[in-house]
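Dear colleague,

I am handing over the structure we spoke about. My notes follow below it.

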Amino acid sequence: MTNSISDSSDFKQNPNKKAYAKQNMWTGILFGLGIVAFIDEVVFHQLLHWHHFYDKSTTDIGLVSDGLFHAFSFIATIGASFLLADLHRRHAFWLKRWVGGILLGAGVFQLYDGIIQHKWMGLHQIRYGVDILPYDLVWNILAALMILIGAILIQQTNHKKEG
Amino acid sequence: MHTHEQYSAATLQIFLAIPFILLFVIYILAVVLSNRKKKTWPGYRMVAWSFGILCALLSLVGPIADLSHTDFSAHMIGHVLLGMLAPLLLALGAPVTLLLRTIRIPTARKLTKILRNSRPLHLVQHPVVASILNIGGLWVLYTTDLFLMMHENMLLYVIIHAHIFLAGYVFTISIIYVDVTPFRKSYLYRTVVFVLALAGHSVLSKYIYGNPPTGVPSDQAELGSMIMYYGGDTVEVGLLIILFYQWYKKSRPTFNNGKEGFAISNNKKFTVAGTDIEEVKRLNANAGMSYREINEWFAKQQSKADPLTKKT
């Protein structure tokens, strides 16, 4: 215990973070998922009007997938906020692991949205009336990068747990 | 002919309003009566109940109700008010708790026993059953000719509106436990069912956008669909915050022992009055200093002993 105090300054403030490593990660993942869904809805749909509320070409499975993710993502955002508050009151918040979770959750959802929902289910495209390829590339590469960095952060905090 | 139709519409509205007006009067009477003997009934419960009644009345009587016969988006505003917002607010009023503290104790005991053993209540209050009654009912209403028939048959109109309200109420109390709740499910279980129910609601609202119910013009269906989608979300955010806040309060960490600092312990010993025995023992043992204070004190002692740390 004394060693741990000297090796990290935030351990002193959050002595229980290792016991709650799992909750730190999942709180981040749920929050990341919610953030991406929120940005998708507010920025691309409401502000930029790149895509719309409903697309006549949407398949039934696309509609179901969209509904499920819509419900899940906003419930995840609110749930993650309460889980975060819970971590803080337990002095168990682990910033690095939480951020790792956010990137992982955000990346996975964005990749799912970009590949499965946009391309395979044909739910809607990112933008209409333009060459879609650059948009798709930026969208999916960004998603892959977030997954990568998130996974590295999670991996690093995993290692610490054992040491 | 025209005047006759209007007359019957007005009768219908009054007929639907009477139960809610009665519920309001009975609730206020119960508060006044029970406050004489018991602790004052919380003011926010009365406020919630009153606004809940108001929401239900707004959807059943007056301009929104009049318009909803001809305008689908007005119908949807009514639906969000009657089937979602009114049930949530009324549930926050905790009517069964109020009833039990108002009636005589032997009667209250009998009633509690009935509630606890009631199989229909057990069934209907199950989150999955309640969700199917609520969301499934809406799917039937908007994807079949039932919606068209409702506006031609007064009895059907009454039954469907009663169903929308009751199913909404049952769904609300199956997710959040504010009132007397004999049958309980875990927070995770209720959250998962809630995700699926809300998804069903979102899918249906978008489905209506592309496939309007029979007799509904597409521009009205599009607006109505968005009202259902976003209106539903808004009410459900409120419900969710209550659900998660209850979890947050319930899973409050208890001061355990010096080794782990804050931790939850599932097998604690409690006295009848709810005192945590282990907690009392621990407090007595370390009287004067909290765990954190002890920790800080140790850290200070250590830095005194170690000249290197003292300098930095």
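How many residues does the contact take from chain B, and how many from chain A? Chain B gives 25 residues and chain A gives 24. Please keep in mind that this is a predicted model.

On the side of chain B that touches chain A, helix H11 (187-210), helix H12 (218-250) and strand S2 (261-263) each supply at least two residues. H11(B) has the largest share, with 11 residues. By type, that side of chain B divides into 17 nonpolar, 5 polar and 3 charged residues.

Next, the annotation of chain B. An unreviewed UniProt entry places the feature "transmembrane region" at residues 12-34, 46-65, 77-100, 121-142, 154-180, 187-209 and 229-248 of this chain. Residues 12-34 of chain B are 100% helix and 0% strand, and the end C-alpha atoms of this span lie 34 Å apart. For residues 77-100 of chain B, the end C-alpha atoms lie 34 Å apart, with 92% helix and 0% strand.

Finally, a helix pair in chain A. Helix H3 (residues 21-47) and helix H4 (residues 60-89) of chain A pack with their axes 7 Å apart, at an angle of about 140°. That angle makes H3(A) oblique to H4(A). The crossing of H3(A) past H4(A) is left-handed. Residues making the contact include Leu30(A), Phe31(A), Gly34(A) and Phe38(A) from H3(A), and Phe69(A), Ala76(A), Gly79(A) and Leu83(A) from H4(A). The residues of this contact between H3(A) and H4(A) divide into 12 nonpolar and 7 polar, with no charged ones.

Regards

Key
Residues are numbered from 1 along each chain as its sequence is written. Chains are lettered from A and ligands numbered from 1 in the order in which they are written. This is a predicted model: local features need pLDDT of at least 70, side-chain atom pairs count only at pLDDT 80 or more; totals for chains, interfaces and linings use all residues. UniProt positions are given in the numbering used here, feature names are shortened, and annotations may be inferred rather than shown by experiment. Helices (H or I, at least four residues) and strands (E, at least two) are DSSP runs, numbered from the N terminus. Two residues are in contact if their C-beta atoms, placed from the backbone, lie within 7 Å. Ala, Val, Leu, Ile, Met, Phe, Trp, Tyr, Cys and Pro count as nonpolar, Asp, Glu, Lys and Arg as charged, and the others, Gly among them, as polar. Axes are lines fitted to C-alpha atoms, for helices over the stretch in contact, and angles run from 0 to 180 degrees between N-to-C directions. Angles under 35 degrees count as roughly parallel, over 145 as roughly antiparallel, 65 to 115 as roughly perpendicular and the rest as oblique. A crossing is left-handed if the near helix is turned anticlockwise from the far one by less than a right angle, and right-handed if clockwise.
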